[in-house]
Amino acid sequence: MDKIKVGVIGAGAWGTAVATALSRGGRDVTIWALEDDVVASINNEHENKRYLPGYTLDKNLRASKDILAVAGGKDVIVLASPSLYLASTVQKFACIDDIQNNHTIIAALTKGFVPSPEGPTFVLDTIESALPASYRNTTVYVAGPSHAEEVAMGKITGLISASNHHRNAIKVRDLLRVPGIMAYASFDTVGVQVCAAAKNVIAVVYGSLDALAENSSIFGDNTESLLLAAGLNEIQKIGFALGATHAETFTSISGVGDLDVTCKSKYGRNRRFGQDIIKTDMLSKFSNLDDLIQNIQKIGYLPEGAIACKYVHEIAVKKNLKLPICDALYSVLNKEIAPVDCMKRLIDNQNQPSVHFSED
């Protein structure tokens with residue numbers, strides 16, 4: 001692609017990493033940030049000192065506080081806004097001519113479910129509800145095993161570009177094919193979005209188990225692999241219940257790949273949160289899950305799995321799904337059971353036979 005113009009909306013760690021990767025690959029990239037210091041540090045020092053400190057950004061990447069200027073005249077807009085502010089952020093630039101005339105492809109990096117009066121909704125549905133009707137079933141979701149730090153360093157990373165609009169999925173796939181990124185297309189938007197949200201829930205539990213295993217006579221590497229496999233099964237259950245169309249989504253990089261890196265990487269915030277639940281008694285700061293979500297800034301970093309856990313629980317209740325791991329984390333975060341007791345009960349439940357044989 002020749003000098004494709006890209007606007008990245010959101011200068012957190014992930015948005016910044018993708019923006020610098022695209023810029024290194026020859027794309028004409030401008031990133032939107034709310035904060036003056038973020039704009040200044042990107043433009044003047046080629047570093048996002050607030051959200052991605054210590055990583056040098058491409059010198060051609062530009063930042064601006066003017067969201068209309070960043071979104072206007074672009075071939076592709078990449079949304080990296082937090083899920084809670086996704087709809088309001090899109091509404092800020094939906095009025096520009098390029099959007100009203102459907103001249104710009106919209107892609108999203110945002111992970112998680114989005115709250116709504118009707119219950120948890122998908123990122124793409126939230127975006128499309130804030131855009132002109134012509135964008136229905138044309139937006140693109142980007143996910144995969146991809147920590148911002150390694151993408152910023154240019155380490156080889158795989159990403160999935162998923163859309164119901166096949167041409168747009170392929171166009172964004174090609175956009176992402178820059179040095180350091182191996183990109184693939186998918187047409188299973190539901191499956192890919194479920195994987196990106198629910199894997200964070202499993203990673204919190206994995207982190208807790210990992211912390212317990214350090215001084216345990218019963219938990220170890222084998223137990224962690226058992227948890228990872230069982231967690232993938234629960235993610236697949238959620239996906240199919242919500243309308244996922246391809247079983248291979250869950251065995252691809254958007255499924256098992258993203259789950260694996262989120263559970264095991266030293267960069268993983270959700271893994272760290274699970275460890276902190278055990279090692280620092282992190283949950284003592286909160287009375288229940290709702291209190292945790294409302295005061296999540298007290299943690300000092302954002303564990304998306306804590307928020308996603310609430311929405312996964314709502315989905316499980318609505319769809320009558322049995323999700324032992326996700327339900328266990330919900331009980332822990334809601335202060336219904338102690339983490340250690342919960343983990344032991346969870347392992348015991350995994351050992352119960354699901355089919356009983358009789359001699360009759």
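Asparagine 137 is partly exposed, with a relative accessibility of 40% (partly exposed lies between buried, under 20% relative accessible area, and exposed, over 50%, using a 1.4 Å probe and protein chains only). Welcome to this predicted model, where local features need pLDDT of at least 70, side-chain atom pairs count only at pLDDT 80 or more, and totals for chains, interfaces and linings use all residues. Residues are numbered from 1 along each chain as its sequence is written, and side-chain values use heavy atoms, leaving out hydrogens and water.

**Two residues to look up**
- Asparagine 137 is not a glycine, yet it has a positive phi of about 65°.
- You will find asparagine 137 in the loop between helix H6 (123–129) and strand E6 (140–143).
- Aspartate 281, also not a glycine, has a positive phi of about 55°.
- The loop between helix H12 (269–279) and helix H13 (289–294) holds aspartate 281, which is partly exposed at 45% relative accessible area.

**Overall build**
- The protein has 16 helices and 8 strands (DSSP runs numbered from the N terminus: H or I of at least four residues for helices, E of at least two for strands).
- Its radius of gyration is 21 Å, close to the 21 Å from the globule rule for 360 residues, so the protein is as compact as a globular protein of that length (taken over C-alpha atoms; the rule is 2.2 Å times the number of residues to the power 0.38).
- The C-alpha trace spans about 70 × 45 × 35 Å along its principal axes.

**Inside and contacts**
- Of the 360 residues, 56% are buried.
- Among contacts (heavy atoms within 4.5 Å) between residues at least 6 apart in sequence, 67% join residues at least 24 apart.
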